[in-house]
Amino acid sequence: MLKKEWNRLLAAAVLVLFTGAVLLTAHANSREFIRYAEFNVPYAALDRALAEDIESEGAVGWVDVLAYLSARYGGEWKRYKPADLDAVCERLRGGEAIDAIAGELQYFQYFRQVYGAVLGGFVGWHLQEGKDDRWTVKYGLTAYSPLAEGYWYNHFDDFGASRSYGFKRRHLGHDLMGSVGTPVIAIEGGTVEALGWNQYGGWRIGIRSTDGRRYYYYAHLRRDHPFAEGLAEGQSVRAGDVIGYLGQTGYSHKENVNGIETPHLHFGLELVFDESQKESDNEIWVDLYALTRLLDRHRATVRAQGKEYVREYEMLLFHPKNHT
């Protein structure tokens, strides 16, 4: 009996454990979902894959390309060569399917799920408003930089750095050093899930993407006027909306205290493969340095409206099959 029980437990335990990049567990009476993931794709690969996706209007999907390369490299992006990306893109342009190219490549489906969760709302067809109320049909980035156009900021890859306030921990977000009052932008559309004070993040906003897979966390917002007027929990926001203002609040049990020495926006991206991961010890936060660099090319233009700032131009998502 002991041997049978041991074999049963082994069969129901870890299915995949891959160099610290994936932990997918399954038990006889529980759901299967990804419990650990990393996003370490370098900027150079993101940039080239995005260009291929946009040029082909989605025929060469950047998620598939990046997932294939990551599986081929065993998750070790230090092995990346632009020629490898060019080769798989050429095959896709020639009509081959990514599943056929990947074949039985180990971990391809895993990386496809992870990268799809990270990048799922970033590219697509949209109508873009321009000057003189002109609208243009575009295929490209639909996600925005978290800071408005025309405002200075500085950043470096600080994911995983040590933090000591309250308790010793890793920094699970990305900091953009800037000026107090800089308009903070919704990276993509979704629903406001959290709004208010947190002793670590100060005035902060939490927004869940429309597909539910991404949770964006914007923290250390401005003292006295942290949020865009009218913003409330349960409210829907659109990619490119002004949602708040950069500040230096936090590191205090007392509300509205500037406990942060340097003004900056802390923003994070949590992947949610199962609702049990939210507010738990199984949270998956990803490194956003490379993505921040990529999104810098798509910054929202804003204008003053009384004491607030609002977006200057609208963007509407649509699918060409539904467009007449």
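Begin the tour by selecting helix α7, which gives the most to the lining of the largest cavity, with 3 residues. Helices (H or I, at least four residues) and strands (E, at least two) are DSSP runs, numbered from the N terminus. A cavity is a set of points on a 1 Å grid over the protein atoms alone where a 1.4 Å probe fits but cannot get out, and lining residues have an atom within 4 Å of a point.

The model is predicted: local features need pLDDT of at least 70, side-chain atom pairs count only at pLDDT 80 or more, and totals for chains, interfaces and linings use all residues. Residues are numbered from 1 along each chain as its sequence is written, and side-chain values use heavy atoms, with hydrogens and water left out.

Next, select the lining of the largest cavity: Phe 122, Ile 187, Tyr 216, Phe 267, Leu 269, Leu 288, Leu 291, Thr 292 and Leu 295. The elements giving two or more residues to this lining are β16 and α7 (289–295). The volume of the largest cavity is about 40 Å³, the space filled by probe spheres set on grid points joined across faces, edges and corners.

Now move to strand β16 (residues 264–271), which runs antiparallel to β9 and is joined to it by 4 bridges; strands pair if DSSP finds at least two bridges between them. Select Phe 267 in β16, the bridge partner of His 174.

Finally, select strand β9 (residues 174–178). Strand β6 (residues 153–154) runs antiparallel to β9, with 2 bridges, and Asn 154 stands opposite Met 177 in β9.

Terms used:
On a 1 Å grid over the protein atoms alone, a cavity is a set of points where a 1.4 Å probe fits but cannot get out, and a pocket is an open set with protein on both sides within 12 Å along at least five of seven lines; lining residues have an atom within 4 Å of a point.
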